[in-house]
Amino acid sequence: MKNFISLNDLPDFDEALSLAKSLKKDPFAFKKYAKLKTLGILFFNPSLRTRLSTQKAAQNLGFNTMIMNFSNEAWALEFDDGTEMRGIRSEHIREAAAVVSQYCDMVAIRAFASLTDKVRDEAEIVLKSFAKYASIPVINMESAVGHPLQALADAITLDEYPTQHKPKVVLTWAPHPKALPHAVANSFTKMMEFRKADFIIAQPEGYELDPRITKDVPVIHNQEEALKDADFVYAKNWCSYSNYGSILRTDNEWTLTEDKMKQTNSAKFMHCLPVRRNIVVADGVLDHPNSLVIDQANNRTFAAQAVLKTILDNDQS
Ligand code: CP
C-alpha cells in the first residue's frame with residue numbers, strides 16, 4: 001500500500017483490523033519502527049480526535065511529527081493548472097506537495113467537502129493532488145468522500161462487543177443545524193461490506209447517500225422500524241446528496257432518544273464525534289453505559305497506527 005485514500009487501499013481489511021487490535025494490546029511493540037522518519041500532518045479543516053490520535057499513533061511507532069494548519073498558517077494553494085495566479089492563492093500544489101515531500105516521509109491530510117461543488121468534491125482535489133504531486137505516501141484523515149481511519153476504528157469497536165448472533169447494525173441519519181459531509185457515513189457503509197452483519201440505513205426521504213456507495217444496502221425511511229432489535233445504532237447527520245449540500249429538514253423528529261433506543265436489543269450507541277447533544281442524540285443515550293463514543297475515539301489511535309505500519313511495511317518490502 002503506497003497511499004491510504006480509502007479502505008479499498010488496504011491490502012487486506014481483516015489483516016489491518018487484526019493488526020490494529022494487536023497494537024491496542026501492545027502500542028509500543030514497534031516503538032522504533034519509524035525511527036528517524038517524519039510524518040507531516042496537514043489540516044485544511046478543524047479536528048480534535050484525528051489530530052491527536054494520528055500524532056499519538058505516529059509517536060507510538062517512533063515517527064517525528066510536523067503538524068500544520070493550512071487553513072490559517074500556510075499559503076493558500078492553487079490546484080488548477082494553467083491559471084494566471086493573480087488572486088489570493090499564492091502557491092501551487094505542484095510546488096507545495098514537492099516541498100512537503102522533502103521534509104516528510106509520509107503525509108496525512110484532512111480536507112473536507114465544500115458541499116457547494118459536487119464534481120470537485122468527488123474528485124477529492126486536495127487529497128488526490130497531494131497524491132499526484134508528492135513523492136511520499138499520502139494518508140486520508142477525512143476527505144470530501146471518505147473517512148477511512150474513522151471506519152477502521154469503528155470496526156475495532158464493533159469487534160470489542162461481539163454478539164451471540166449475527167448483529168443488526170443500523171446507521172441512522174440524525175438532525176444537525178449545519179450541512180455536514182457524507183464522508184463518515186460513506187466509509188462506515190464501505191466498512192460494513194467487510195463484516196458479517198445485517199446492516200441497514202435509516203434516513204428521511206431525500207437523504208439518500210451516493211448509490212454507488214450504498215449499492216444494495218437496505219434503506220428504511222421509518223427510523224423506529226429500523227431500530228427494532230438493533231444491536232448497534234450509529235447516528236450521523238449528512239446533508240442531501242442529490243440536492244447537493246442542502247438541509248432538507250430542521251425538526252428533531254429523527255433525534256435519537258432514550259425512548260427510541262427501547263425498541264432496540266439494548267443496542268450500543270455509536271457516533272464519530274463531535275456530536276451536538278440533544279439535536280443528534282439525547283443526553284440520556286450519549287451518557288448511557290451502552291454508548292461507545294469514547295471507545296471509538298480511543299480506537300482511532302490504533303487504526304491510524306495500523307495504517308502507518310502497513311505503509312512502512314510496504315516501503316520496506
Ligand atoms: N471523528 C473525527 O474525525 O473527529 P475530529 O473531527 O475531531 O478529528
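A charge sits over a ring if NZ of Lys or CZ of Arg is within 6 Å of the ring centre and within 35 degrees of the ring normal. Two such contacts are listed here for this predicted model.

| Charged end | Ring | Distance to ring centre |
|---|---|---|
| Lys118 | Tyr241 | 3.7 Å |
| Lys309 | Phe30 | 4.4 Å |

Five strands make up an open sheet, paired in parallel and ordered 9-8-7-10-11. Strand 9 (219–220) and strand 11 (268–270) are at the edges; each has a single partner strand, so one side of each lacks a neighbour in the sheet. Strand 9 runs parallel to strand 8 (residues 198–202), and two bridges join them. Within this pairing, Ala202 stands opposite Ile220 of strand 9. Helix 7 (residues 183–192) packs on the sheet. Its contacts are with strand 7 (168–173), strand 8 and strand 10 (232–236). The direction of helix 7 makes about 165 degrees with that of strand 7.

**Aromatic pairs**

The whole structure holds 10 aromatic pairs. One of them joins Trp173 and Tyr207. Their ring centres are 4.4 Å apart and their planes stand at 35 degrees, so the pair counts as tilted. Trp173 belongs to strand 7, while Tyr207 lies in the loop between strand 8 and helix 8 (211–214), so the pair ties together parts 34 residues apart in sequence. Trp173 and Tyr207 are both buried. Elsewhere, ring pairs link Phe44, Phe70 and Phe130 into a cluster.

Note on methods. Residues are numbered from 1 along each chain as its sequence is written. This is a predicted model: local features need pLDDT of at least 70, side-chain atom pairs count only at pLDDT 80 or more; totals for chains, interfaces and linings use all residues. Side-chain values use heavy atoms; hydrogens and water are left out. Two strands pair if DSSP finds at least two bridges between them. Helices (H or I, at least four residues) and strands (E, at least two) are DSSP runs, numbered from the N terminus. Contact means heavy atoms within 4.5 Å. Axes are lines fitted to C-alpha atoms, for helices over the stretch in contact, and angles run from 0 to 180 degrees between N-to-C directions. Rings of Phe, Tyr and Trp (its six-membered ring) pair if their centres lie within 6.5 Å; planes under 30 degrees apart count as stacked, over 60 as edge-to-face and the rest as tilted. Buried means under 20% relative accessible area, exposed over 50%, partly exposed in between (1.4 Å probe, protein chains only).
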